[in-house]
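User: Hi! Could you walk me through how some helices pack in this protein and where its pockets lie?

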Amino acid sequence: MIPIVTPAEARALDAASPVPVERLVERAGAAVAREAIAMLGGTYGRVVHVIAGPGNNGADGRVAADRLAQRGVRVRVHAADSCPPSLPPADLVIDAAYGTGFRGTWKPPDTGGAPVLAVDVPSGIDALTGAAPGPVLPAAATVTFAAVKPGLLFGSGRSSAGRVVVADIGLDVSATRAHVVEAADVAAWVPSRRRDAHKWNHALRVVAGSPGMAGAAHLVCAAAQRTAAGIVHLSSPGGDAAGPVETVVRRLPPFDWHEAVLADVHRFGALVIGPGLGREEHTIRPVVDVVERCIMPVVVDGDGLFAIAWNEQGAPTVLRGRDGSTVITPHDGEYTLLTGAPPGADRIDAARRLAVDTGAVVLLKGPVTVVAAPEGDVRVVANGDQRLATAGSGDVLSGIVGALITTGMAPFDAAAAGAWIHGDAGARCAAVGVVAGDLVS
């Protein structure tokens with residue numbers, strides 16, 4: 001996993017380092033110069049402009065300028081506060097104007113189409129949230145130091161940073177509690193099925209769907225089956241559930257169905273409850289009762305989140321009273337229902353607070369997904385894109401996560417791995433016209 005540090009944490013790392021700041025600046029500048037040469041494809045006859053600010057960010061840029069000049073590059077350094085509005089033609093522009101501590105706005109120059117290499121973060125991007133209160137010079141690549149800054153993952157920062165390169169300059173990030181998930185992490189977390197496995201070793205119970213919302217139940221089950229589940233039992237209270245043909249369908253009454261679900265839920269490795277259940281008042285009590293009393297790991301999604309948010313006890317009381325582990329999967333609207341306020345710009349902090357509050361693993365959905373554990377650890381999944389913004393996509397995600405939990409994975413691992421697999425499935429689909437069923441395939 002790639003570590004993530006906030007601007008405040010980055011400053012603390014600098015202050016705690018036994019390496020003098022001058023040496024850290026030398027290492028950072030050298031890393032920028034190496035990336036610049038790679039982008040230039042060589043040094044002979046190349047022209048580079050460096051926009052350097054007054055702080056350490058600018059110092060990194062000046063060191064890079066010296067290194068490039070030593071390699072024969074024609075370099076011109078411009079002070080950030082007196083940079084001309086239009087730069088002469090060049091092969092590359094290095095944006096070392098303002099770093100992680102910048103507040104306010106700046107007016108970047110016209111680069112004439114030259115590619116931009118940003119130092120630490122593109123100038124004008126809030127390094128904590130990714131917000132851009134003013135103009136930004138979009139970068140083809142960004143060299144950041146020791147760890148990724150949150151502002152490179154969220155908001156305008158994600159689209160402005162280009163390719164992000166993390167340079168090791170000798171800072172100790174071993175205590176970092178937030179990380180970006182990579183493919184190798186998921187491969188390590190997901191266990192192989194034993195040669196003597198039985199279908200009941202990976203059994204999943206699903207309570208989902210209602211008249212007009214049968215597709216939600218189908219998508220949960222289909223995704224679970226394609227991920228890891230050996231057998232899936234599905235119920236849609238008050239109606240005939242519509243799962244894939246391999247699904248075991250079990251009827252439930254329209255009211256007071258919680259005892260029937262709880263009677264044998266112990267036979268299953270996990271329960272997924274909520275997608276497409278509906279928001280009628282008679283649905284809330286059974287959902288809350290099942291979530292409260294179920295001894296197995298539970299994934300609560302969709303209308304299940306509505307139920308635990310709108311019952312008289314409140315979501316934290318319901319979830320904290322559980323004996324089993326819980327994963328909740330809110331999007332921003334559902335987060336607002338659960339907490340009374342939207343997540344805000346700092347999504348890592350928002351997910352972490354809700355996890356601590358409820359004792360549940362929180363999978364906060366969005367263009368970049370944040371998974372937080374009650375102990376404060378956070379994993380960020382950034383491989384998804386706009387193809388996942390389609391009806392039913394969240395139902396697929398619930399099925400993936402539920403199936404992974406049935407393999408014995410810890411819920412925090414299963415949620416992070418599930419979000420990554422979900423994003424990877426989207427990346428394998430067509431550029432346009434994606435529907436949720438495509439993710440299952």
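Analyst: Happy to. One definition first: helices here are DSSP runs of H or I with at least four residues, numbered from the N terminus. Please keep in mind that this is a predicted model.

User: Let's start with the largest pocket. Which helix gives the most to its lining?
Analyst: The largest pocket holds about 570 Å³ of space. Among the 30 residues that line the largest pocket, His331, Lys365, Leu388, Ser393 and Gly394 are the closest to its centre. At least two lining residues come from each of α11, α13 and α14. With four residues, the helix that gives the most is α13.

User: And how many of the residues in that lining of the largest pocket are polar?
Analyst: Sorted by class, the lining of the largest pocket has eight nonpolar and eight charged residues. The polar residues in the lining of the largest pocket number 14.

User: Which way does the crossing of α11 and α12 go, left-handed or right-handed?
Analyst: The axes of α11 and helix α12 (residues 347–358) come within 12 Å and cross at roughly 45°. That makes α11 oblique to α12. The crossing of α11 and α12 is left-handed.

User: How many charged residues does the contact of α11 with α12 have?
Analyst: From α11, Asp332, Tyr335, Leu338 and Thr339 meet Arg347, Ala350, Arg353 and Leu354 of α12. Four residues of the contact of α11 with α12 are nonpolar and one is polar, and the charged residues number three.

User: How are α8 and α9 set to each other, parallel or perpendicular?
Analyst: Helix α8 (residues 281–293) packs against helix α9 (residues 303–310) with the axes 9 Å apart and an angle of about 90°. The α8 side of the contact is made by Ile284, Val287, Val288 and Val291, and the α9 side by Gly304, Phe306, Ala307, Ile308 and Trp310. The residues of the contact of α8 with α9 divide into eight nonpolar, one polar and no charged. The two helices, α8 and α9, are therefore roughly perpendicular.

User: Last one: how many nonpolar residues are in the lining of the second largest pocket?
Analyst: The second largest pocket has a volume of about 460 Å³. It is lined by 24 residues, with Asp14, Asn56, Asn57, Thr100 and Asp120 nearest its centre. Two or more lining residues come from each of α1 (7–16), α2 (21–40) and α3 (56–70). Six residues in the lining of the second largest pocket are polar and five are charged, and the nonpolar residues number 13.

Definitions and conventions: Residues numbered from 1 in each chain as written. Predicted model: local features only at pLDDT ≥ 70, side-chain atom pairs only at ≥ 80, totals over all residues. Heavy atoms only, no water. 1 Å grid on protein atoms, 1.4 Å probe; cavity = no way out; pocket = protein on both sides within 12 Å on 5 of 7 lines; lining within 4 Å. Points joined across faces, edges and corners; volume = space filled by probe spheres on them. Nonpolar A, V, L, I, M, F, W, Y, C, P; charged D, E, K, R; others polar. Axes fitted to C-alpha atoms, helices over the stretch in contact; angles between N-to-C directions. Parallel < 35°, antiparallel > 145°, perpendicular 65-115°, else oblique. Left-handed = near helix turned anticlockwise from the far one by under 90°. Contact = heavy atoms within 4.5 Å.
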